[in-house]
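Here is a short note to read alongside the structure. Please keep the view open as you go through the points.

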Amino acid sequence: MGCPRIKEILARITIGAIELLRDIYYGAALYPELWKWETVKKDISEMKKIGMNTARIGEFAWSTFEPKKDQFDFTILEDTLKELEKQNMYAILCTPTMTPPIWLTAGETNMMHQTNEGLTFIHGARQHVCTNNPFFRDRARVYAEKLAEFLKDYDNVIAVQLDNEFKAHVGPCYCNNCKNEWHKWLEKEYQDIQLLNEKWTTKIWSQEYTSFDQVVIPKKTAFLHNLSLEEAYTRFTHDLINDFAKDQADTIRQILPIPITHNSSFAFDLDNVGLFENLDFVSFDTYVDTPTAFVMNSSYWPNIKKDVAAHILMETSTSYPGHIKEYRKIHPKGFVEAESFITYASEGKGFLFWPFRQQKGGIEQPHGSVVSSWGEPTIGYQASQNIGELLSKTKDLLLKSRAIQPEIAVIYSDRAKSFLNKENGGALDYRKALTDYFDYFVKNGQRASLYNEKSSFDQLKLLCTPFMHHISDSFRNRALEFVEKGGIWLIGPMSGDRTEEHQWYTDTGLGKLGRILNVEGMMQFPSMETEIKAKFEGQTIFLRNMVTAVSGAAGAKVLGKIDSDEFGEGLAFLFEKQVGKGKIVFIGADLVDAEEQSLNHLVIQKYVEELSLKHEAVQTGASVLDFERRDEDGTIQHWLVNFSGEESNFVLEKEMVDIISGQPFGKGKHTASPYKYYVFID
Amino acid sequence: MGCPRIKEILARITIGAIELLRDIYYGAALYPELWKWETVKKDISEMKKIGMNTARIGEFAWSTFEPKKDQFDFTILEDTLKELEKQNMYAILCTPTMTPPIWLTAGETNMMHQTNEGLTFIHGARQHVCTNNPFFRDRARVYAEKLAEFLKDYDNVIAVQLDNEFKAHVGPCYCNNCKNEWHKWLEKEYQDIQLLNEKWTTKIWSQEYTSFDQVVIPKKTAFLHNLSLEEAYTRFTHDLINDFAKDQADTIRQILPIPITHNSSFAFDLDNVGLFENLDFVSFDTYVDTPTAFVMNSSYWPNIKKDVAAHILMETSTSYPGHIKEYRKIHPKGFVEAESFITYASEGKGFLFWPFRQQKGGIEQPHGSVVSSWGEPTIGYQASQNIGELLSKTKDLLLKSRAIQPEIAVIYSDRAKSFLNKENGGALDYRKALTDYFDYFVKNGQRASLYNEKSSFDQLKLLCTPFMHHISDSFRNRALEFVEKGGIWLIGPMSGDRTEEHQWYTDTGLGKLGRILNVEGMMQFPSMETEIKAKFEGQTIFLRNMVTAVSGAAGAKVLGKIDSDEFGEGLAFLFEKQVGKGKIVFIGADLVDAEEQSLNHLVIQKYVEELSLKHEAVQTGASVLDFERRDEDGTIQHWLVNFSGEESNFVLEKEMVDIISGQPFGKGKHTASPYKYYVFID
Amino acid sequence: MGCPRIKEILARITIGAIELLRDIYYGAALYPELWKWETVKKDISEMKKIGMNTARIGEFAWSTFEPKKDQFDFTILEDTLKELEKQNMYAILCTPTMTPPIWLTAGETNMMHQTNEGLTFIHGARQHVCTNNPFFRDRARVYAEKLAEFLKDYDNVIAVQLDNEFKAHVGPCYCNNCKNEWHKWLEKEYQDIQLLNEKWTTKIWSQEYTSFDQVVIPKKTAFLHNLSLEEAYTRFTHDLINDFAKDQADTIRQILPIPITHNSSFAFDLDNVGLFENLDFVSFDTYVDTPTAFVMNSSYWPNIKKDVAAHILMETSTSYPGHIKEYRKIHPKGFVEAESFITYASEGKGFLFWPFRQQKGGIEQPHGSVVSSWGEPTIGYQASQNIGELLSKTKDLLLKSRAIQPEIAVIYSDRAKSFLNKENGGALDYRKALTDYFDYFVKNGQRASLYNEKSSFDQLKLLCTPFMHHISDSFRNRALEFVEKGGIWLIGPMSGDRTEEHQWYTDTGLGKLGRILNVEGMMQFPSMETEIKAKFEGQTIFLRNMVTAVSGAAGAKVLGKIDSDEFGEGLAFLFEKQVGKGKIVFIGADLVDAEEQSLNHLVIQKYVEELSLKHEAVQTGASVLDFERRDEDGTIQHWLVNFSGEESNFVLEKEMVDIISGQPFGKGKHTASPYKYYVFID
């Protein structure tokens, strides 16, 4: 069965390579288990009509497909997949382990997630079960096997998504089973309890342990737990959810060679790199409402999985997200289309809405969709249609070209996030800090990637590591190699000053990095409300948050000094050091002006200019971003978008034709209306 | 025993009719169990002196009157009632079930109220016991019997108040006994578990149940429970507290034919209509501090019990409420007198302060009273005296007349409250929304009732149903009948868009109502911070909160359209449809001006004018309210009050005499000082 | 062993007298258990270098010194004390009971602290154990004995500090053992359960108890517990922690005659007077960041222990305090030096930083120190050095002189704190209220003491008791005696209006005090947002918080009347009454101006002027404080400091020499830069 084209495409899938996702996908989440068959059919046909080719199915359907233990019934799924096939459409199938049915958990309090205050969750919402529970894992495995078996017959299923938004609603679990797993994990991680004691400095406050099974799970207690312990419990939690994903993926792989993914998000506490190491490609969900926050997604997820830039935006809203306790803003006109444009331009192979038809009951009733519960177009319908049209004009271009990576990257690291959020000083938040930092790039039409700690720096010229308390040996070595070859590495603010166990270094203040920089007399102190004046290239600025400054750094050129007779007069907070053909630039504080507006971009700008990183063919102005792609012949495509609510300009160095409108655009300056996009062929 | 007048009055009591409360009552709560007998006597005589005729007694006195299980001792009560009788005064007796004594609960954790986080309450405050507990119910029954037996001998007891402020301190209980009762209740409500599954759409998130005893009590879990389940648990909680009240009332009735009431409040989560169906008349407590909030009480409670407008304001403050964790504002001079004036004018048969003598210990030490703990006049004493004088001048008028109902009513529904507060979008609160809506009437001297969903529309010309997500079939049918006869029904904002299980309709967006309005292409979307411009009668306005708009409504006259090229350009959010002799007006959003000030009154005003609802004899200005009463001869009394802190005006169309001052007021405009009141006879 | 000078000094120690602390101490907390021996040695030598002579050791070192039950190993301590001795330095040794090791608590949930919501704490932070647990007490005793035995050999240990910051992280414990202790305590306190019932007025809300073992521990329940019960539970908690301290002190005393102290703080909930009755001298920690908050410490702690003004500031920050969840402000330049100057001038015998070397791991990583974790000077190093220099110039002066007490005192009472914080009306906080009150003195260069309820009034001319709800019989009698002799006693705002059980008086509103003042017609009412105008000495002011006003007070001179036709027109809120040679002044409200700025100082100023309390030799301006000391010959030293960030002035009545700079200062006006200090000899 199935259409020839799909078969041909599927035949080319090879696990672990770009071939995974051969077509360009556009679609939405479909809930055939919730609606009458006529409604489902109508929805599929409506999807087709507006240019969609993909339905995502099954992530909450456990009680429908396995209504009683070991009794599986995939009839509804069968009908749906066949209908999709009839319409020449794809499906992504999900495992429903986020929502275990009542027959699994009834009377099983041991299986339930437990909070750090000892609250044991119950049936009825999502993620109420501890995913480390062995009985739960067994049942998840059985389900995965049955689903994989079933899917063998369906060629139009392009991928399996495991579970749904790991850790969307819950933090670490603190149940007794987790406590046992924790002790095993610790033993594997530290081998010797004395080593753990030393690494965590448990002599502080007499916290010392004499055996692994004494180590507490950090449930709520008086004041706060040892920070190294908290970091370890986060790593433990990350590892075990990744282990669950691997367990599920391996189960499916034994039966069916199908690409496996998971829909992650910036919003959840996960080790994304570790997670996707075990999966075949990356997916993510996003419900942000600013251009910068969206561009961060498209700058981050393509880089999470080594060598696999292809990914799917698995969930976003056609218009507004929300639930009964949170009515959210509606997206401005053109915003969603711009999101899809950027997604596809950035190696996003799929762009899916959640959901196609509005949920008629439950928590997510006030969440945007393509059609309403009563089957009529919603406020987001027009955007959905526009994206269908956009794709019809650009699909061939996309299939034959690849995104060109920017030469600038900022590290967005799950470990750095954990470090900054645990030691937040009551004021800091990693995602917010990085968003404020990245905002400059988006608002100034300067393309930059968000890399993780394992990303390769091969294509880079400028590497930025803001708010990265711990710089590991391996990261530092790779970054130094990059610098030796001519790269520029901006370190800071608040970077490099903590060991892997989230402690201070006991030499130089920065450990080996400090020795490389020849740092002498390093001091660190907070500047939360105080006014610490400083100079950077003749300009008066102010220093914020934790300030790191040194009395000397032999061989370095000082670029910024404290200029305050109150605090640290004359200490250097900003200096560059030539290393090989490149430079390390150490930035010891958040820079702001007298009105507390960020000036961190001043340093970035300096080196962007020094490296001449501006494009030549296309000069972009405020908020106009140029996503470049190279086709098989080497021709450059400029996917240009004004991702803002204001008119903006761009300059073409020569006449080019916009593929979308079919219009030629002359050499010189042009005006782009809000959220307007173009594809120029160089 | 007892004075002849009281006997005569009591002889005329007939359960379930206005005859219930034949006199006009004025008084305060008295705690003879807390004070020496000389103090009690002194207080009674002081009450008498300032014109009070009623004492409320016993609502916390369980440990005094039943110090040990089955050992009753009503000596203090006997003395007090006799002293009151001697002074020709009335009493209202209360059951003390809000404060169970230690002998009842010691060691009985099963009897205690449990929160949704699993916290089990303990002895020592109020409402710490689960009122659904069978052992507790037994003891409450025994107490009620003994009290009723005792009261047989006292003719001056005009009513029994059950318990005190149900649910003042607690939400639903989540104890094991409640869980069992919940399962029984569900079975009675839904009969078939599959029906429950369908109605609640439990297939969402695999929540399906296979038997009633699996259905969770919605204790705290990850994220949020199914909304239909939450609504059901609220109905269950309402039903069971009402069942407790009925149980108590029936127990007393078997022994003594005495009117039974309860002191409810806007502030608590109850089904008031259901509660008072089983009781004989309505009482309420209020501690608000704005004119609008107070007028809402007097506009609402007279309509709660079918055919029984007579009610008692059981508790309010002479000056300021408060407790150790909340010092509240003091009422402005004249405010409290105006409250009593409005209460009596609106069929309030009683107006009682809490308490007469300030509590000398405990939580409520900083709560206003008539005399202080040391027996001297408080800051509220003068107002108490003034009310005594007011009554002496108006009691005969009140006894021989009845309030005339306004021709405008706004629905204030406990179900609508539950719906809006559960789906609050993080921003909405039913009581606040209704108060903002009702504010217009009070500030503009336009009298309006607050009706419940079961109120009769016979006397109405204008019916408003704002923030009423679910409009039931029966309500809609009655409202349509009202419209057919010439009434105008303003639907919205945020009304008619949800089923009884708090879900979306799957046809028209408004179900049957949508078909009646011929609604086509209905969309709903949030406007939380976005700027959605619109036009209403040529005026530019903005739409807020959830916006409902349609592409068409055949046969309707569009009054307001969206005027925004961003969102829903040209959609109608406001339209009227002629039905029979009347009109339905659909209002699809909260209307505001550019400064976010409410403009909802624009629509109300339009129809108030169309219906010519302004009075002729008395034209009221800002904040001057005219409570009309009709005496036995058909003469109209104008109870006029400037319920504000500013001077205001009113216009008399002819000369009339003010009964209070005895002064004639000429035709024309007059100035009323803050909180000033008059009684004009037409 | 040991240097002769130390031996000589120690020989002069006599428990319970000033001889306790014979030298002047300057130092910091040292953690030899956390660092390599070379680092410890380096730190000791660095301390010495900057002028320090004292190290505080051991308060968290239980797991190091008793790694297994009954296995003690003080090797590290031995080495450290010897090294200190070698450097001619002192040590303060601490018991580590704040941080019990895992071998003590593993598996012992009964030993753990339990919160009022039933959360049982676990190992890993601090104060996770219930200090009332008998097994814990046993082990604490064993440790104290062993430590005392060990210390016998070390002459340079000047004191033992018990535990660390009692109740820094926890409130009262609610474990089962505490419940039993509570019942015993109640029986001892009230003897008869009926007496308890009467005193607490438990008839309110049927709270009556029939035996002591029924009395609840006030765990969280619906609404709030009886206020008298809450006050009793606070006293119980205070008594039992003081009993623990006494138990530990007595244990040590049996073995070693060494002065014993504890480091308390304004921030914790303790009965400090009761605590230090059992100890030998007072110590305190402070991490405040305003001059007023610091001066309050130095005005309070010298008066806590009868006849022992000598005390130690045991912990403060060189630059900024903080922990991972709270980055704090850095102190301005000169602030910390001024703190040390004031401490020493006010009979502080010791000034110690926490810590010397920054904590390399754990929660307190971002807390200022003298040297960083990597051993280099921090931003606070310079201040540490400056203090060393200051001491070298002033130590001899200090050793031969004593502080002269100010003639003004404000009562800062732990009971008053409990009363105000429990009945806070949602708005008040005792420490904040007192700080606002005391601010006037500091900002105006007017020296005043903070006394406790047991302080002697011998040296006073002006006594202020603001926010002191309960004035006990004994306090009142002593204050009256003071007044009879010519003193002026300012009572209020919010003082004298509650019994010892936190209830209203039932006579006069003020009980006996009211009778002394001949108060008639007293009213009390809140003024939270209302505008209550009043007059004080012709000036229009406004009354805030709880207002107490009277219609008469025979024999008193009315100084302030309410001037509002809304509330209490003409009532007196402020009046003075001649008693013997002195005056009682009753102040019935917080006084503010139209901008809500405090005007309480107007009354203080009036009596400061009346009493001519300004100095003659030195006239201080804004924020310039003159700490006077008298040497053995009767010569007066003026320790003058501009404790503010602004330049200020002072006037010398004659030429004097500044000991610090060695410069003569002429008669007349001089300018002091921010935080500048001088020592002038009169």
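Leaving aside its neighbours within four places in sequence, which residues is A:Glu165 in contact with? The points below start there.

1. **Contacts of A:Glu165.** This is a predicted model, so read every contact as a feature of a prediction. Beyond four places in sequence, A:Glu165 is in contact with A:Asn263, A:Ser265, A:Phe268 and A:Asp285. The residue sits in the loop between β4 (157-161) and α7 (176-190) of chain A. A:Glu165 has 21 other C-beta atoms within 10 Å. The cut-off for buried is 20 or more, so A:Glu165 is buried.

2. **The annotated pair.** An unreviewed UniProt entry lists A:Glu165 and A:Glu315 under "active site".

3. **Contacts of A:Glu315.** A:Glu315 belongs to strand β8 (residues 311-316) of chain A. A:Glu315 is buried, with 23 other C-beta atoms within 10 Å. Setting aside neighbours within four places in sequence, A:Glu315 is in contact with A:Ala29, A:Asn263, A:Asp285, A:Leu352 and A:Trp354. Look for A:Asn263 and A:Asp285 here, as both are also in contact with A:Glu165.

4. **Domains of chain A.** The assignment gives domain 1 (4-175 + 232-403), domain 2 (176-231), domain 3 (408-610) and domain 4 (618-681). Note that domain 1 is written as two segments, 4-175 and 232-403. The C-alpha centres of domain 1 and domain 4 of chain A lie 32 Å apart.

5. **Where domain 1 meets domain 4.** In chain A, 18 residues of domain 1 are in contact with 19 residues of domain 4. On the domain 1 side, α11 (291-300), α12 (335-345), α13 (381-399) and β12 (401-403) of chain A each supply at least two residues. α12(A) gives the most to that side, with 6 residues. The domain 1 side divides into 10 nonpolar, 4 polar and 4 charged residues.

6. **Relation of chains B and C.** A rotation of 120° superposes chain C on chain B, with 0.0 Å of shift along the axis and an RMSD of 0.1 Å. The two copies are thus related as by a three-fold rotation axis.

7. **Contact between chains B and C.** Chain C puts 52 residues into the contact, and chain B puts in 52 residues. On the chain C side, α9 (227-253) and β18 (523-536) each supply at least two residues. β18(C) gives the most to this side, with 7 residues. The chain C side divides into 21 nonpolar, 21 polar and 10 charged residues.

8. **A helix in chain B.** Helix α6 (residues 134-151) of chain B has 18 residues. From first C-alpha to last, α6(B) reaches 25 Å, close to the expected 26 Å. Its buried residues are B:Phe136, B:Arg139, B:Ala140, B:Tyr143, B:Ala144, B:Leu147, B:Ala148 and B:Leu151. What covers them includes α3 (62-65), β3 (90-94), α5 (102-105), β4 (157-161) and α9 (227-253) of chain B.

9. **A buried methionine in chain C.** C:Met47 lies in helix α2 (residues 37-49) of chain C. C:Met47 counts as buried, with 27 C-beta neighbours inside 10 Å. Not counting residues up to four places away in sequence, C:Met47 touches C:Gly27, C:Ala28, C:Met52, C:Ala55 and C:Phe356. C:Ala28 is 19 residues from C:Met47 along the chain, and their C-alpha atoms are separated by 8.2 Å.

Key. Residues are numbered from 1 along each chain as its sequence is written. Chains are lettered from A and ligands numbered from 1 in the order in which they are written. This is a predicted model: local features need pLDDT of at least 70, side-chain atom pairs count only at pLDDT 80 or more; totals for chains, interfaces and linings use all residues. Helices (H or I, at least four residues) and strands (E, at least two) are DSSP runs, numbered from the N terminus. The expected span of a helix is 1.5 Å times one less than its number of residues. A residue is buried if 20 or more other C-beta atoms lie within 10 Å of its own, exposed if 12 or fewer, and partly exposed in between; C-beta atoms are placed from the backbone. Two residues are in contact if their C-beta atoms, placed from the backbone, lie within 7 Å. UniProt positions are given in the numbering used here, feature names are shortened, and annotations may be inferred rather than shown by experiment. Copies are superposed by least squares on the C-alpha atoms of residues with pLDDT of at least 70 in both. Ala, Val, Leu, Ile, Met, Phe, Trp, Tyr, Cys and Pro count as nonpolar, Asp, Glu, Lys and Arg as charged, and the others, Gly among them, as polar. Domain bounds come from an automatic or database domain assignment.
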